[in-house]
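Here is a short report on one strand and its surroundings. Please read it beside the model.

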Amino acid sequence: MSVDATSSATSTSYSGSTATNKATQDLGKDDFLKLLVTQLQSQDPLNPMEDKDFIAQMAQFTSLEQMKNMNTSIQITQAASYIGRQITWGDDKGVEQTGVVTGVRIVSGEPKVAVGDQTISLAKIITVTARPITTPTTTPTTTPTTTPTTGTTV
């Protein structure tokens with residue numbers, strides 16, 4: 001089985017500017033299927049790909065997809081555990097902000113926490129602490145009670 005055609009196909013997809021975002025650096029299932037189709041089209045007709053090679057690639061793809069799904073589930077659980085907690089994060093200008101997490105939003109498949117009207121990526125969170133406890137401003141009062149036998153107020 002020749003892998004040269006596959007290698008050249010992947011190297012051209014990564015050429016270009018060095019300032020690429022995360023989405024273009026990750027290979028997804030569409031990229032895997034395109035790669036597999038290219039590999040099948042470029043194979044030698046007299047020496048075709050063996051079944052075991054094809055099955056091994058499909059098993060690797062399935063395993064990779066399951067790991068990505070599990071990672072997303074863990075991130076959602078982590079984000080949900082921040083609800084009600086105070087976080088500190090760096091905003092786009094590099095300034096540290098602090099607020100209490102009120103919810104979780106899924107944006108483009110990525111869980112993010114909601115603080116007020118802002119949506120913060122988990123990667124930007126610097127610290128997570130318990131919500132600050134506020135002490136009541138009024139002092140507790142006692143209610144007078146009456147004793148049942150004498151009828152006097154205590």
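Beyond its neighbours within four places in sequence, Thr88 is in contact with Glu96, Gln97, Thr98, Lys124, Ile125, Ile126 and Thr127; contact means heavy atoms within 4.5 Å. The model is predicted: local features need pLDDT of at least 70, side-chain atom pairs count only at pLDDT 80 or more, and totals for chains, interfaces and linings use all residues. Residues are numbered from 1 along each chain as its sequence is written, and side-chain values use heavy atoms, with hydrogens and water left out.

Thr88 sits in strand E1, residues 86–90. Strands (E, at least two residues) are DSSP runs, numbered from the N terminus. The Thr88 side chain makes a polar contact of 3.5 Å with that of Thr98. Such a contact is a pair of N or O atoms within 3.5 Å; within protein, one must be able to donate a hydrogen and the other to accept it, and residues adjacent in sequence count only if both atoms are side-chain atoms.

Gly90 is also placed in E1. Burial (under 20% relative accessible area, 1.4 Å probe, protein chains only) is listed here:

| Residue | Relative accessible area | State |
|---|---|---|
| Thr88 | 12% | buried |
| Gly90 | 18% | buried |

E1 runs antiparallel to strand E2 (residues 96–100), with five bridges joining them. Strands pair if DSSP finds at least two bridges between them. Trp89 has Gln97 as its bridge partner in E2. The two strands form a hairpin with five residues between them, and Gly94 in the turn has a positive phi of about 85 degrees.

Notes
Helix = DSSP H or I, 4+ residues; strand = E, 2+ residues; numbered from the N terminus. Buried < 20%, exposed > 50% of the residue type's maximum accessible area, 1.4 Å probe, protein only.
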